[in-house]
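Please look through the sequence and the model below before turning to the briefing. The notes that follow are grouped by topic.

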Amino acid sequence: MGVAVGMDALSERAAMMRESVQKSQTISDSIVSILGSFDHRLSALETAMRPTQIRTHSIRRAHENIDKTLKAAEVILAQFDLYRQAEGKVLRGPQEDLESYLESIDQLRSNIRFFSSNKSFKSNDGVVNHANNLLAKAISKLEEEFKQLLSSYSKPVEPDRLFDGLPNSLRPSSGSPGNQADSSIKALSNNHSEHQNSNLETAVYTPPTLIPPRVLPLLHDLAQQMVQAGHQQQLLKIYRDTRSSVFEESLRKLGVEKLSKDDVQKMQWEVLEAKIGNWIHFMRIAVKLLFAGERKVCDKIFQGFDSLSDQCFAEVTASSVSVLLSFGEAIARSKRSPEKLFVLLDMYEIMRELHSEIETIFKGKACTEIRESALGLTKRLAQTAQETFGDFEEAVEKDATKTAVSDGTVHPLTSYVINYVKFLFDYQSTLKQLFQEFENEKGTTSQLASVTMRIMQALQTNLDGKSKQYKDPALTHLFLMNNIHYMVRSVRRSEAKDLLGDDWVQRHRRIVQQHANQYKRNAWAKVFSDPIE
């Protein structure tokens, strides 16, 4: 009985579960049906809305295109506005505001680049042509402004300003009378001193301010615009014509003359010697002050355009350099004579002193000819000086002066030659450089010693010949004793002793003693041979 009751309960539960499953299935079928209906409705709605979406997208794209077009128009209008502003400044000219004028030219170039790159603009070609014409007018006005500005600040440098840039040891005294290019310079060109020249090589020179520093940046900006416009040749011509004449006038005021070889040949030696002394100082002033100052001006104005700077500098200075070097060439090629040796050495010395500065100041390909001309003059002076040595040696040996020294004392030729040799030793370092020019295998010191010994030997040979003019043998030996003793004594008291050496001194002292003994022997023989009254 109890089992029957449990079975009934299970049956009831099973029936209930079947009923629930059936209800769930019915609900699921209803939901699927509803969802299917939604899908159909959504699909219909999407189909209905598609034309609206397409219209909305088209409107959005149209707005975007309008925005782009407006922005492009704004850019073009802005360019036109900038162009009109630049045009107004260009038409007014650079006199009122040069910096603003230069900015307007840059703006014109920017406008041209803009319209040239925007080919879609219908009036593009017309605008570009108009802008190019305006730019050409602007550059033409710039040329005039550059010329006017450069001319107004380009003035010849007065000699006093140049003297102020010299070291104290080279400045003329304030009380120097007469023309500043003559009397003041002349006083500087007298006594040669190796110590003085050594100090001059390390002395400080202060080039004059040729153009005010505040003006140089403006000239640089003008030059830069002209170069960018392709007007290098016009720029070069303006600079050369303006600065070269001023440069030449500065040298003329200083006292520089244009002299030919014929002019030099016709001059009296005293006049020529003074002009050579002046030339040496003109060279120093020109290179260390004027040329150095002009190089600074060129480098500032043409900064960033090195080849143009070099070319302008070369063309401005070429004529002045030619005038200075041509005088040196005329001296180097003139008839040689012993008295010219020392001025030749002075001229050679200044060219050697200025060599490194010439190489630095006259840098670049455009200045090659100037550098070569300066170096050529240096070598020619060295060659002429060396040839003059040979001439002097030969002249001493062949001197045929009949000046009689009746008492057998020192002959004028002896004192002249000894003073000449002693003076040579003021130029020892210069002579060593000179001998190096010819790359001989012997050392420069031994070469100088060899030259000195040959001159002394030539003097002795000539004295031997002159001694034979005496009929009295005693006077012959007295003459030789006195003259050779003078030579030995002079050598011992000068730097020549170090060069000729103790052997030379001792050997010639023995010769002096031999002539002294011969003189005494002949003199006493004459005394003993004379009859006693």
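How many of the 20 residues of α17 are buried? The count is 14 of the 20, so α17 is largely enclosed by the rest of the structure, where buried stands for a relative accessible area under 20%, exposed for over 50% and partly exposed for anything in between (1.4 Å probe, protein chains only). This is a predicted model, in which local features need pLDDT of at least 70 and side-chain atom pairs count only at pLDDT 80 or more, while totals for chains, interfaces and linings use all residues. Residues are numbered from 1 along each chain as its sequence is written, and side-chain values use heavy atoms, with hydrogens and water left out.

**Overall make-up**

- The protein has 18 helices and 0 strands, these being DSSP runs numbered from the N terminus (H or I with at least four residues for helices, E with at least two for strands).
- Of the 533 residues of the protein, 41% count as buried.
- The accessible surface comes to about 30,200 Å², of which carbon and sulfur atoms hold 52%; accessible areas come from the Shrake-Rupley method with a 1.4 Å probe, and for residues only the protein chains shown count as cover.
- Among contacts (heavy atoms within 4.5 Å) between residues at least 6 apart in sequence, 80% join residues at least 24 apart.

- Helix α17 covers residues 473-492 and reaches 28 Å from its first C-alpha to its last, close to the 28 Å expected at 1.5 Å a residue, the expected span being 1.5 Å times one less than the number of residues.
- At the start of α17, the backbone nitrogen of alanine 474 has a side-chain oxygen of aspartate 472 within 3.0 Å.
- With a relative accessible area of 53%, tryptophan 524 is exposed.

**Glutamine 428**

- Glutamine 428 belongs to helix α15 (residues 428-436) and is buried, with a relative accessible area of 15%.
- Its side chain is joined to that of glutamate 495 by a polar contact of 2.9 Å; such a contact is a pair of N or O atoms within 3.5 Å, and within protein one must be able to donate a hydrogen and the other to accept it, with residues adjacent in sequence counting only if both atoms are side-chain atoms.

- Valine 264 lies in helix α9 (residues 261-266) and is buried, with a relative accessible area of 2%.
- Leaving aside residues up to four places away in sequence, valine 264 touches Leu272, Phe327, Ala330 and Ile331.
- Tyrosine 153 sits in the loop between α3 (124-152) and α4 (159-164) and is partly exposed, with a relative accessible area of 26%.
- Leaving aside residues up to four places away in sequence, tyrosine 153 touches Leu210, Ile211, Pro212, Arg214 and Val215, and its C-alpha atom is separated by 8.2 Å from that of leucine 210, 57 residues apart along the chain.
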